[in-house]
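Biologist: Hi! Could you walk me through this one?
Modeller: Happy to, here it is.
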Amino acid sequence: MKRTCAVILAAAMVFGAMAGCGKKAEETEAVETDALEETMRPAETKAAETTQAAETAVETTTEATQETDGAGESVKIRLGGLKGPTSMGMVKLLDDAEKGQAKSEIEFTMAISGDELAPKLLKGELDVAAVPANLAGVLYNNSEGAVQFAAVNTLGVLYVVETGGEDVQSVADLKGQTIYATGKGTTPEYALRYLLSENGVDPDGDVTIEWMSEPTETVAKMAQADHAVAMLPQPFVTVAGGQLENFRIALNLTEEWDKLENGSRLITAGLVVRKEFAEAHPEELKTFLEEYKASTDYLNENLTEGAALVEKYDIVKAAVAEKAIPGCNVTYLDGEEMKGAVEGYLQVLYDANPKSVGGKLPDDDFFLNLN
């Protein structure tokens, strides 16, 4: 019981660290838990909810309030991000911009879920946003192409973890196992089912998947069992590893996806830009993307300093971030590499549930081309 309580407390502390902007101190732990659950799932929003949010945003969109640059005026890029790994790669750029050391002038907005950013983006209140990859497809399909996908900024953050044994050495070894997981009816479920099927494991007949309401429940469930297998996202993998006995990371689902060698990648999120902004300010956008890539490289190459910036921007505490960053797969992919990876990933989601990408696969104009 003591071990279970300790696990719940530690995970709850992470929830508190990553709760949304403006949350009042008197809000309950349950609200904080819900907030982090939204930010830490690789597609963070349920398929139906993302579709509804995008459709509502389109319906309420008025004429865009795009900032234009007059003679000699700089262009301010209004950037939106989500609490969690999807915003970790931008922290060095945000810090440089705040200190006046970046070429790009940035006005930053942090949000708990993509549902908060979608209306702002479509109404012209944001120019660029880091959002779940499937939400990018939903936005594109429900806005007549008003947004474009500029770059992948986070690959998969999902892992299969195990306590009390080393039974799972491959995806095929999950056959016969009970898997605790979160994200039923969302992209984590679709990714897990896809990987199981591609490795000869029937997700309906060969495994038992017990869906939990949130990662803290999953971790607590593992603490109560002598042997347990679960699918967890970062940084909960890091938190659980520090609390559970005989804990091991069995499978990196991003690596397992890459082993399929089908041209697609397991993707958490990417940068989307308003097409109108991209057409009006191509040079400024190009400079921003170059600086964003450099910021991502800095984070991966300077873990201690990068983790401190992650805490500065209230994403997660530095101690957790420093351990979690290597497993968060923060990256930067653009051009043809981005296009192939995203197309394949969205195809998997579409096959699982067309609504998860907005009812149809985006066409070629979905992908930003600044050449």
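Modeller: First a term: contact means heavy atoms within 4.5 Å. This is a predicted model, where local features need pLDDT of at least 70, side-chain atom pairs count only at pLDDT 80 or more, and totals for chains, interfaces and linings use all residues. Residues are numbered from 1 along each chain as its sequence is written, and side-chain values use heavy atoms, with hydrogens and water left out.
Biologist: Which strands does helix H5 lie across?
Modeller: Helix H5 (residues 114-122) lies across S1, S2, S3, S4 and S10, at about 145 degrees to S3. Axes are lines fitted to C-alpha atoms, for helices over the stretch in contact, and angles run from 0 to 180 degrees between N-to-C directions. Helices (H or I, at least four residues) and strands (E, at least two) are DSSP runs, numbered from the N terminus.
Biologist: What order do the strands of the open sheet take?
Modeller: The order is S2-S1-S3-S10-S4-S11, with mixed pairing; two strands pair if DSSP finds at least two bridges between them.
Biologist: Which strands stand at the edges?
Modeller: S2 and S11; each has a single partner strand, so one side of each lacks a neighbour in the sheet.
Biologist: How many bridges join S4 to S11?
Modeller: There are 2, and these strands run antiparallel. Val-152 has Leu-333 in S11 as its bridge partner.
Biologist: New topic: which residues of helix H14 are exposed on the face turned away from its buried side?
Modeller: Ala-319, Lys-323 and Pro-326. Exposed means over 50% relative accessible area, buried under 20%, partly exposed in between (1.4 Å probe, protein chains only).
Biologist: And just after H14?
Modeller: Asn-329 takes a positive phi of about 55 degrees there.
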